[in-house]
Amino acid sequence: MQHFWVVGTDTEVGKTCITTLLMRQLQKQGLRVTPYKPVQTGEVYQDCKSYYHDTAMYEKYSLQMLEPKNLNGFSFKEAASPHFAAQLEGQQINTHYLLKQMQMLQQSNDVVICEGAGGLFVPLDTIGETTLLDVIVQSKLPVVVVTRTTLGTINHTLLTLESLRTRAIEVLGIVFNGDTGSQMEQSNVETILQHHALPYAIIPKLQNISEIVEYAITDTSLFERLTRHETSIN
């Protein structure tokens, strides 16, 4: 069965939303699916309780019981780049631990969806030797790229895809998130696909995150690639 990453062209492109959507859709196929966020930052305080948005969303919308201890590797309070958030707490991110945890989860689940933090080159240490992209390479797992449809997405998306291609990382497809249906957005999507003829899905802009339960990836070529392995470097 296929395990994969959900990576973004930048922060706030909707990686957690798409990870949750894919988790639910695969669970509906009768598969045992767990999301995994190697590093998350930005502790939220609400109603005298603290939580992290990403893992809380997984638990809220999952159709299966999830083990909280298996959803995350490192969590840091400051909403900042992982390397800086870790530094503020006097910690270091152990990438060997992250990879070991991913491998362990793959043994006990049909599908593990690893969600990235920020973009590909987010640093995981203070000297900049290790990035999220390095961990993806070492994991040997393919990726689904989440991107915007708005102004600037062409450059960000093509740079992301080129970085993955040069490292021989398999790209299963692209999810264009937050579409409002404008002519410019349509042109942006078409331009990106002219450069990389990948399976893709377009998700409309949601008024409320809870609307995610109403959507599914309808592009069969993309969804099929999530449930069986096909080698294709684009």
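## The largest pocket

By class, 13 nonpolar, 14 polar and 7 charged residues make up the lining of the largest pocket. In this classification Ala, Val, Leu, Ile, Met, Phe, Trp, Tyr, Cys and Pro are nonpolar, Asp, Glu, Lys and Arg are charged, and the others, Gly among them, are polar. The structure is a predicted model, in which local features need pLDDT of at least 70 and side-chain atom pairs count only at pLDDT 80 or more, while totals for chains, interfaces and linings use all residues. Residues are numbered from 1 along each chain as its sequence is written, and side-chain values use heavy atoms, with hydrogens and water left out.

The volume of the largest pocket is about 880 Å³. Its lining consists of 34 residues, and Thr 11, Glu 12, Val 13, Gly 14 and Thr 16 lie nearest the centre. At least two lining residues come from each of helix 1 (15-27), strand 2 (33-41), helix 2 (53-61) and strand 8. Strand 2 gives the most, with 4 residues. Helices (H or I, at least four residues) and strands (E, at least two) are DSSP runs, numbered from the N terminus.

## The cavity

Rolling a probe the size of a water molecule over the atoms shows where empty space is left. The search uses a 1 Å grid over the protein atoms alone: a cavity is a set of points where a 1.4 Å probe fits but cannot get out, whereas a pocket is an open set with protein on both sides within 12 Å along at least five of seven lines; lining residues have an atom within 4 Å of a point. Grid points are joined across faces, edges and corners, and a volume is the space filled by probe spheres set on the points.

In the whole structure, the search finds 1 cavity of 30 Å³ or more. The largest cavity holds about 40 Å³ of space. Its lining is formed by Pro 38, Val 39, Pro 82, Glu 115, Gly 116, Ala 117, Leu 124 and Leu 132. These lining residues divide into 6 nonpolar, 1 polar and 1 charged.

Strand 7 (residues 143-148) is mostly covered, since 5 of its 6 residues are buried. Here buried means under 20% relative accessible area, exposed means over 50%, and partly exposed lies in between (1.4 Å probe, protein chains only).

Strand 7 runs parallel to strand 1 (residues 4-8), to which 4 bridges join it. Two strands pair if DSSP finds at least two bridges between them. Within this pairing, Gly 8 stands opposite Val 146 of strand 7. Strand 7 also pairs in the parallel sense with strand 8 (residues 171-179), over 6 bridges, and there Val 146 stands opposite Val 175. From strand 7 the chain passes through helix 6 (residues 153-166) to strand 8 in a right-handed β-α-β crossover. Right-handed means that, with the strands pointing away from the viewer, the path from the first strand over the helix to the second runs clockwise.

## Two loop residues with positive phi

Lys 140 is found in the loop between helix 5 (132-139) and strand 7. Its phi is near 60 degrees, a positive value in a residue other than glycine. Lys 140 counts as exposed because its relative accessibility is 76%.

Ala 168 has its place in the loop between helix 6 and strand 8. The phi of Ala 168 is likewise positive, near 60 degrees, in a residue other than glycine. With 54% relative accessibility, Ala 168 counts as exposed.

## Aromatic pairs

A pair of aromatic rings is described by the distance of the centres and the angle of the planes. Rings of Phe, Tyr and Trp (its six-membered ring) pair if their centres lie within 6.5 Å; planes under 30 degrees apart count as stacked, over 60 as edge-to-face and the rest as tilted.

The structure holds 3 aromatic pairs. One of them is the stacked pair of Phe 74 and Phe 76, with 6.2 Å centre to centre and 10 degrees between the planes. Both Phe 74 and Phe 76 are buried. Another is the edge-to-face pair of Phe 176 and Tyr 200, with 6.1 Å centre to centre and 75 degrees between the planes. This pair links distant parts of the chain, with Phe 176 in strand 8 and Tyr 200 in strand 9 (residues 200-204), 24 residues apart. Phe 176 counts as buried at 0% relative accessibility, whereas Tyr 200 is partly exposed at 33%. Phe 74, Phe 76 and Tyr 97 form one aromatic cluster.
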